[in-house]
Amino acid sequence: MQLSKKITQALPANDGFEFVGACQLPTKWATFELHAFIEPATGKEHLALTLGDAAASEPVLARVHSECLTGDALFSQRCDCGAQLELSMQAIAAEGRGIILYLRQEGRGIGLLNKINAYKLQDEGADTVEANQKLGFAADLRDYRLCKPMLAHFAISRLRLMTNNPRKVIALKALCIDVVERIPLIADTTPHNSYYLETKATKLGHIFPSNVSLLASPL
Ligand SMILES: [Zn+2]
């Protein structure tokens, strides 16, 4: 309990959220612009990737992506984060316009080292929610308030949001960010992530199409 209280107290405030600079980021799908921000309250560095005129009046194709080092950079198939990031970059490249907010809240907010401990508990049979709870954390500690100053920097107010997570839509709407459409991001299931995806569907309210088969046993 004490641990989760500590984390709650460490949740970021947006006071003084600062834009630092931007550069080109060539990728295999498009050359994005990479924007860096710093959150002085925590010292965390956050990123935004934009393509085209993100600030135009039409709602912008968007992804709000929380950092997952193992999935995004190490090709982990324990989760679908890397695949969702890749799919959203591809979708934005295909459309020629969009934004990805890359938020440094690793492991649904519990941090990298705690996530690795949670993975160990999952190796021993817990699901992703139970593992977080055994470590004293809520199932999801992500805080989307960061999105507000980042989107304001780009003068963006209306999103077509790529997500399977209706709670993310509700959280953004609560910040008065207008999500005009939710676009599912369906990554392939693998033997390694099927139990994780099922837990996200049954315990965290994520929506997956009924034709995606999710196995019920952990590996
Ligand atoms: Zn992940």
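I started with Leu47 and looked up its bridge partner in β5, which is Tyr102. I note here that the model is predicted.

β3 and β5 run antiparallel, and five bridges join them.

Next I traced the sheet. I found an open sheet of seven strands with mixed pairing, in the order β1-β2-β3-β5-β4-β6-β7. Its edge strands are β1 (18-26) and β7 (178-183), each of which pairs on one side only.

Helix α7, residues 166-174, lies across β4, β6 and β7. I noted its angle to β7 as about 170°.

Which residues touch the most other members of the largest nonpolar core? I listed Ala62, Ile99, Ile100, Leu101 and Cys147, out of 32 residues in that core. I also looked up where the core residues come from. At least two come from each of β2 (31-39), β3 (44-51), β4 (60-66), α3 (81-95), β5 (98-103), α6 (147-153) and β6 (158-162). β5 gives the most to this core, five residues.

Leaving aside neighbours within four places in sequence, I found Leu101 in contact with Ala48, Val64, His65, Cys147 and Met150.

Last, I looked for a core apart from this one. There is another, of five residues, and I wrote down Cys68, Cys79, Tyr195 and Tyr196 as among them.

Definitions and conventions
Residues are numbered from 1 along each chain as its sequence is written. This is a predicted model: local features need pLDDT of at least 70, side-chain atom pairs count only at pLDDT 80 or more; totals for chains, interfaces and linings use all residues. A nonpolar core is a set of buried Ala, Val, Leu, Ile, Met, Phe, Trp, Tyr and Cys residues joined through C-beta atoms within 7 Å. A residue is buried if 20 or more other C-beta atoms lie within 10 Å of its own, exposed if 12 or fewer, and partly exposed in between; C-beta atoms are placed from the backbone. Helices (H or I, at least four residues) and strands (E, at least two) are DSSP runs, numbered from the N terminus. Two residues are in contact if their C-beta atoms, placed from the backbone, lie within 7 Å. Two strands pair if DSSP finds at least two bridges between them. Axes are lines fitted to C-alpha atoms, for helices over the stretch in contact, and angles run from 0 to 180 degrees between N-to-C directions.
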